[in-house]
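Colleague: I have a model open and want to learn how to read it. Can you walk me through its features one at a time?

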Amino acid sequence: MKLVSIKNVCFSYIGPLVLDHINLEVSRGEFLGLVGPNGGGKSTLLKIILGLLKPLSGRVLVLGLPPEQGRSAIGYVPQHTAFVDNFPITVEDAVLQGRLGKTKIIGGYTHKDRIFARHAMEQMEILRLSNRSLADLSGGQRQRALIARALAVGPEILILDEPTAHVDLRLEENFFRLLEQLNKEMTIIVVSHDIGFISHYVSRVACLNQTLVCHETAAISGEMIEQLYGANMHMIDHIH
């Protein structure tokens with residue numbers, strides 16, 4: 001089953017097209033890597049899938065529905081999430097925010113909501129931190145809390161926009177091993193600049209720079225990377 005279907009999508013803010021006739025289908029159980037240079041349209045495409053932006057033309061379906069209806073099945077981790085350092089919120093409270101829109105509006109979180117949040121923290125290996133202040137966490141721990149918040153939705157699709165942009169290589173490897181495990185339960189779309197690294201984990205790479213071309217990971221070459229980024233870049237093997 002195609003969980004995400006994008007047909008001939010074009011988009012522009014003001015001026016030239018940011019996305020030019022994009023076609024992409026994401027199947028159930030897939031682990032898709034979305035790569036490309038800054039300004040290539042990656043975050044814009046995610047926002048269109050989420051129904052936060054409307055394309056100029058083309059069609060987008062999420063679970064066979066318009067994005068505004070289908071996005072309830074998506075857990076989303078944005079690229080930039082700002083926190084006020086002294087805001088008194090625990091890890092558990094932050095993760096429970098993922099249940100907003102899934103639970104009743106009045107009366108607080110239900111027992112079911114707390115079960116979802118607990119399971120999400122267990123998946124991200126941060127349950128022991130549930131009563132810690134979010135402000136006291138390291139960068140890697142905080143990112144795990146944000147992913148747990150997305151998992152608390154109970155998603156069929158998990159979308160992550162540059163989830164390891166501010167963590168070191170060791171933590172990046174740990175993140176992607178965790179994502180490999182999550183991929184057994186859900187479809188994953190992850191945005192990254194590091195095409196060489198993610199190619200060890202994803203099943204397919206979608207290369208986006210205004211237009212989009214998909215490749216099986218085994219087909220990725222230095223020439224493709226140079227065409228995509230417009231520079232002489234090299235794939236890096238992160239095996240130690």
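**Reading the model**

Modeller: Start with Tyr-13, which is partly exposed at a relative accessible area of 47%. Buried means under 20% relative accessible area, exposed over 50%, and partly exposed in between, with a 1.4 Å probe and protein chains only. This is a predicted model, where local features need pLDDT of at least 70, side-chain atom pairs count only at pLDDT 80 or more, and totals for chains, interfaces and linings use all residues. Residues are numbered from 1 along each chain as its sequence is written, and side-chain values use heavy atoms, leaving out hydrogens and water.

Colleague: Which aromatic pair does Tyr-13 form, and with what geometry?

Modeller: Rings of Phe, Tyr and Trp (its six-membered ring) pair if their centres lie within 6.5 Å; planes under 30 degrees apart count as stacked, over 60 as edge-to-face and the rest as tilted. By this rule there are 2 aromatic pairs. Phe-11 and Tyr-13 make an edge-to-face pair, 4.7 Å centre to centre with 85° between the planes. Phe-11 counts as buried, at 6% relative accessibility. Phe-176 and Tyr-201 form a tilted pair, at 5.4 Å and 35°.

Colleague: Where do Phe-176 and Tyr-201 lie?

Modeller: Helices (H or I, at least four residues) and strands (E, at least two) are DSSP runs, numbered from the N terminus. Phe-176 is in helix H6 (residues 169–182), and Tyr-201 is in the loop between helix H7 (195–198) and strand E8 (204–209), so the pair ties together parts 25 residues apart in sequence. Phe-176 is buried at 1%. Tyr-201 is buried too, at 16%.

Colleague: Which charged residues sit over rings?

Modeller: A charge sits over a ring if NZ of Lys or CZ of Arg is within 6 Å of the ring centre and within 35 degrees of the ring normal. Arg-99 lies over the face of Phe-116, 4.1 Å from the ring centre. Arg-144 has its charged end over the ring of Phe-175, 5.6 Å from the centre.

Colleague: Is helix H5 enclosed or open?

Modeller: H5 is largely enclosed by the rest of the structure, because 10 of its 13 residues are buried. Among them are Arg-142, Gln-143 and Arg-144. Now check its length.

Colleague: What does Gln-143 touch?

Modeller: Contact means heavy atoms within 4.5 Å. Leaving aside neighbours within four places in sequence, Gln-143 contacts Val-77, Glu-162, Pro-163, Thr-164 and Phe-175. Gln-143 itself is buried, at 13% relative accessibility.

Colleague: How many residues of helix H1 are buried?

Modeller: In H1 (residues 42–49), 6 of the 8 are buried, so this helix is largely enclosed by the rest of the structure. They include Lys-42 and Thr-44. Gly-51 follows H1, with a positive phi near 80°.

Colleague: Which residues other than glycine have a positive phi?

Modeller: Most residues other than glycine have a negative phi. Asn-8 has a positive one, near 50°. Asn-8 sits in strand E1 (residues 2–11) and is partly exposed, at 41%. Glu-125 also has a positive phi, near 60°. Its place is the loop between helix H4 (111–123) and H5.

Colleague: And how many helices and strands does the chain have?

Modeller: The protein chain has 8 helices and 9 strands. Of its 240 residues, 48% are buried.
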